[in-house]
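Trainee: I should like to learn how to read the features of a protein model in an orderly way. May we work through one together?

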Amino acid sequence: PAAGCLKMLLISVAVVVAIVLGGGAFTAMKLLASSGSQPDKWAPANSIAFVKLDLDPSAAAKVAAWEFEKKFPAAPKLANADELKDGLLSSLFSDSGGAVNYAADVQPWLGDRVAADVFLDSAGRPQTVGILQVKDAAKAQAGLTRLSAPSPDGDGSAASAFSLQSGYAIVGESQAVVDEAVAAAKKGNIARAR
């Protein structure tokens with residue numbers, strides 16, 4: 001696997017978030033928030049930017065989204081949010097030159113909630129992490145380990161890093177950044193800061 005595969009996963013998830021939010025398929029974050037564990041728990045209290053996407057919103061939000069979709073008759077008809085997530089991510093990963101196989105490396109463990117967070121590290125520098133819901137911890141461990149492996153050609157490329165925490169994978173460019181984000185979120189997160 002090429003170094004940076006995990007970074008590509010983060011970028012791909014961010015693109016899906018941008019497409020869905022930018023396309024107006026879901027109208028309001030408060031309306032969409034479904035119950036259960038949220039990625040906000042793993043965003044440190046000193047975050048300066050945070051965006052999340054829940055592809056399994058409440059029933060009322062799903063009805064509103066389908067009503068909105070009717071306004072665009074040429075839009076592809078999707079039976080559920082998994083089809084949207086899998087369709088967008090499959091096409092993004094198919095352009096990766098084979099470095100990542102979405103169906104084998106990501107789909108078996110990726111849940112419905114994803115977020116990107118920018119927080120200030122102990123030196124006051126902004127750092128970015130992805131917060132990805134995990135539906136199978138063992139498969140996530142295997143898939144993320146493969147995606148975060150350094151380049152086999154020994155070109156010195158830095159590998160990405162991750163930490164599995166209570167149903168979420170916190171991913172970033174270095175283990176130090178990921179560990180600092182996790183430690184900071186355990187002390188205080190944006191969900192408790194509201």
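**Reading a predicted model**

Mentor: Let us begin with a single residue in this predicted model. Ser166 is exposed, because its relative accessible area is 54%, above the 50% cut-off.

Trainee: Where does Ser166 lie?

Mentor: Ser166 belongs to the loop that joins strand 4 to strand 5.

Trainee: How should the backbone angle be read there?

Mentor: Most residues other than glycine have a negative phi. In Ser166 phi is positive, near 45 degrees, although the residue is not glycine.

Trainee: What is the overall secondary structure of the protein?

Mentor: The protein has eight helices and five strands. Along the sequence, these elements follow the order α-α-β-α-α-α-β-β-α-β-β-α-α.

Trainee: How many residues does the protein have, and what percentage of them is buried?

Mentor: The protein has 194 residues, of which 41% are buried. Its exposed surface comes to about 9,500 Å², with 60% supplied by carbon and sulfur atoms. As to contacts between residues at least 6 apart in sequence, 68% join residues at least 24 apart.

Trainee: Which parts of the prediction carry the highest and the lowest confidence?

Mentor: Where pLDDT is low, the predicted coordinates should not be read in detail. For the protein, the mean pLDDT is 77, and 63% of the residues reach 70 or more. Confidence is highest in helix 7 (residues 175–187), at a mean of 96, and lowest in helix 2, at 41.

Trainee: Which residues of the largest nonpolar core touch the most other members?

Mentor: That core has 17 residues, and those touching the most other members are Val106, Trp109, Leu110, Leu132, Leu144 and Val171. At least two residues come from each of helix 5 (102–106), strand 2 (110–120), strand 3 (126–134), helix 6 (137–147) and strand 5 (168–172). Helix 6 gives the largest share, three residues. Another core, of 15 residues, lies apart from this one and includes Ile131, Val177, Ala181 and Val182.

Trainee: Which residues of helix 6 are buried, and how is such a pattern to be read?

Mentor: An α-helix has 3.6 residues a turn, so residues three or four places apart point the same way. In helix 6, the buried residues include Ala140, Gly143, Leu144 and Leu147. These residues lie on the same side of helix 6, because they cover an arc of only 95 degrees around the axis. At the start of helix 6, the backbone nitrogen of Ala138 has a side-chain oxygen of Asp136 within 3.1 Å.

Trainee: Is Gln133 buried or exposed?

Mentor: Gln133, in strand 3, has a relative accessible area of 17% and is therefore buried, given the cut-off of 20%. A polar atom of the Gln133 side chain lies 2.9 Å from the backbone nitrogen of Asp112.

Trainee: Which residues does Gln133 touch, not counting those up to four places away in sequence?

Mentor: Gln133 touches Trp109, Leu110, Gly111, Asp112, Arg113, Gly167 and Tyr168.

Trainee: Where is Ala161, and is it buried or exposed?

Mentor: Ala161 is in strand 4 (residues 161–165). With a relative accessible area of 5%, Ala161 is buried. Val129 is 32 residues away from Ala161 along the chain, and their C-alpha atoms are separated by 9.8 Å.

Trainee: Where is Asn46 found?

Mentor: Asn46 is in the loop between helix 2 (29–32) and strand 1 (47–54). Its relative accessibility is 36%, so Asn46 counts as partly exposed. Beyond neighbours within four places in sequence, Asn46 is in contact with Phe119 and Leu120. A polar atom of the Asn46 side chain lies 2.7 Å from the backbone oxygen of Leu120. Asn189 is 143 residues from Asn46 in sequence, yet the two are 7.7 Å apart in space, C-alpha to C-alpha.

Trainee: What of Ser47?

Mentor: Ser47 is placed in strand 1. Its side chain has a polar atom 2.6 Å from the backbone oxygen of Pro44. Leaving aside neighbours within four places in sequence, Ser47 is in contact with Asp117, Val118, Phe119 and Ile190.

Notes. Residues are numbered from 1 along each chain as its sequence is written. This is a predicted model: local features need pLDDT of at least 70, side-chain atom pairs count only at pLDDT 80 or more; totals for chains, interfaces and linings use all residues. Side-chain values use heavy atoms; hydrogens and water are left out. Helices (H or I, at least four residues) and strands (E, at least two) are DSSP runs, numbered from the N terminus. Buried means under 20% relative accessible area, exposed over 50%, partly exposed in between (1.4 Å probe, protein chains only). Contact means heavy atoms within 4.5 Å. A polar contact is a pair of N or O atoms within 3.5 Å; within protein, one must be able to donate a hydrogen and the other to accept it, and residues adjacent in sequence count only if both atoms are side-chain atoms. Accessible areas come from the Shrake-Rupley method with a 1.4 Å probe; for residues, only the protein chains shown count as cover. A nonpolar core is a set of buried Ala, Val, Leu, Ile, Met, Phe, Trp, Tyr and Cys residues joined through side-chain atoms within 4.5 Å. pLDDT is the predictor's confidence in each residue, from 0 to 100. The arc is that of the directions from the helix axis to the C-beta atoms.
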